[in-house]
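Subject: Structure handover

Hello,

Here is the structure I said I would pass on. My notes on what was found in it follow below.

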Amino acid sequence: MTESPYWNPRHETMPRDRIEALQARKLRNLVEWADSSVPWQSKRLRDAGVTPDQVSSLDDLQQIPLMTREDWMQGQLEHPPYGPILAAAPESAIRYHMTSGTTGATPIRVLDGMKDWEWIAEMWCYGLWGFGVRPSDIVFVAFGYSTFIGFWGLHYAGEKIGCLVLPGGAMTTDQRVRQIVDMGATVVCSTPTYALRMAQEAKSMGVDLAGSSVQRLILSGEPAGSIPATKKLIEREWVAMAGDTAGMTELGTIMIFECAEQPGGTHIIEDHYIEEVLDPESGKPVPYGEMGERVVTSFGRGFIPVFRYRTRDLVVKVPGSSCRCGRTFDIYEGGIRGRVDDMKLVRGTNVYPRAVEAIVREFPEIDEFQIHLYTAEGIRDEIEVLMEIPDVDADPYRIMGEVGKKLADAHEGLRFGVKQAETGTLPRFELKAKRMLDERIVIGTEGERRSQP
Ligand SMILES: [Zn+2]
């Protein structure tokens with residue numbers, strides 16, 4: 001049993017037609033439950049002509065209205081504090097979480113019951129087990145354990161598998177590094193940015209991570225775990241395998257994970273979610289291999305039925321057969337590619353933060369960076385990349401020259417300013433790094449600053 005590479009061998013290798021039949025059955029149950037337990041959902045479904053008895057195949061999904069974050073927030077404003085979305089009485093909840101607030105002023109607030117937490121841990125088990133975590137592992141969780149959902153579910157999944165779990169909350173970075181080494185942790189869980197930060201800290205402490213017991217890093221919270229240059233840098237610094245995962249507060253847990261074969265993407269947990277990829281403009285499905293917006297329907301949550309939620313995440317879906325692991329679960333090639341709202345238009349050229357990061361991370365001497373957009377002389381959009389290069393043996397002029405050339409080559413010749421920032425002056429992140437600073441003036445509204453996404 002412990003030799004199986006799959007957490008749920010039957011479902012993870014199910015033929016496509018049977019996965020789809022299972023999803024259709026679960027969809028019908030979900031509609032039935034929402035219709036009978038959540039008047040707000042029932043009205044939305046019935047207004048669209050959807051009733052439980054007519055859901056018989058996955059095609060019926062298209063009749064169900066899309067839900068946006070704005071719908072969710074509006075519901076919370078009208079019916080504070082949780083909105084009209086709960087399918088159970090708040091008194092029966094055992095846990096509260098909220099979004100980290102990187103987008104929009106109002107956080108999304110969610111409640112979970114006992115059953116949710118069993119499911120949340122189960123979803124993380126697919127990911128941990130699939131990446132090779134086993135009961136003998138010692139798992140260090142470098143995470144703040146706050147009302148942000150983060151690695152909470154991973155913590156319980158580690159326990160469920162039978163690992164020894166070390167909760168690394170309320171610690172400084174050097175304390176975390178010390179504990180990882182002293183306790184012989186074999187698995188470390190953090191955001192990609194924080195994995196690099198711990199590696200930097202280890203260096204300045206004189207700790208050699210290559211000599212530590214760490215074999216695997218489980219990354220989450222930012223898309224960078226699937227940016228090849230960032231992943232390679234993390235793996236080199238830690239001398240360990242890094243696996244990407246992604247989840248969201250609205251679902252309470254992860255919906256995609258990278259398997260031990262490291263196919264350059266993340267498998268979708270398709271027996272618990274329907275993940276659609278739609279054109280963000282038209283809302284129409286896009287075929288395999290084309291980029292679109294992730295839209296998720298979740299079967300697991302016990303407090304909140306989620307139908308066709310527009311995540312704003314950009315993804316490219318490919319068939320599961322493109323990975324050697326034998327799973328039939330489809331893959332998001334390259335993980336989450338960014339967000340629909342991430343793209344910046346600079347003098348007619350599209351700039352994605354992910355593409356900039358992919359170039360910057362080819363230079364391990366660069367410790368931290370920031371993309372800065374501003375308006376020059378009141379009219380012209382300018383983009384510059386600020387970078388810290390603390391290594392006294394590095395040649396910053398050579399590095400900046402090469403970064404500038406690669407950025408221009410990758411952006412139709414667009415000229416990027418490249419500047420060295422004083423060491424320690426750029427913001428550091430433990431969760432959800434935010435390296436794009438857009439201070440451009442919106443034309444026509446003199447002096448008004450463009451709001452951050
Ligand atoms: Zn695989």
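Helices (H or I, at least four residues) and strands (E, at least two) are DSSP runs, numbered from the N terminus.

Please keep in mind that this is a predicted model: local features need pLDDT of at least 70, side-chain atom pairs count only at pLDDT 80 or more, and totals for chains, interfaces and linings use all residues. Residues are numbered from 1 along each chain as its sequence is written, and side-chain values use heavy atoms, with hydrogens and water left out.

Salt bridges

The structure holds 37 salt bridges. One of them joins E293 and R312, at 3.4 Å from N to O. This pair links distant parts of the chain, with E293 in strand β11 (residues 291–298) and R312 in strand β12 (residues 306–318), 19 residues apart. E293 is buried, at 1% relative accessible area, whereas R312 is partly exposed, at 27%.

Another salt bridge is formed by D381 and R440, whose closest N and O atoms are 3.0 Å apart. D381 sits in strand β18 (residues 380–388) and R440 in the segment after β20 (436–439), 59 residues apart. D381 is buried, at 18%, and R440 is buried, at 1%.

Domains

The protein is divided into domain 1 (1–340) and domain 2 (344–449), with bounds from an automatic or database domain assignment. Their centres, taken over C-alpha atoms, are 29 Å apart. Domain 1 gives 26 residues to the contact and domain 2 gives 17 residues, where contact means heavy atoms within 4.5 Å.

About 1,900 Å² is buried between the two domains, and carbon and sulfur atoms give 57% of that area. Buried area is the accessible area (1.4 Å probe) that two parts lose on being put together, summed over both. In domain 1, T193, Q200 and I227 lose the most area to domain 2. Across this interface the rule finds zero salt bridges.

Regards

How values were computed
A salt bridge is a side-chain nitrogen of Lys or Arg within 4 Å of a carboxyl oxygen of Asp or Glu. Buried means under 20% relative accessible area, exposed over 50%, partly exposed in between (1.4 Å probe, protein chains only).
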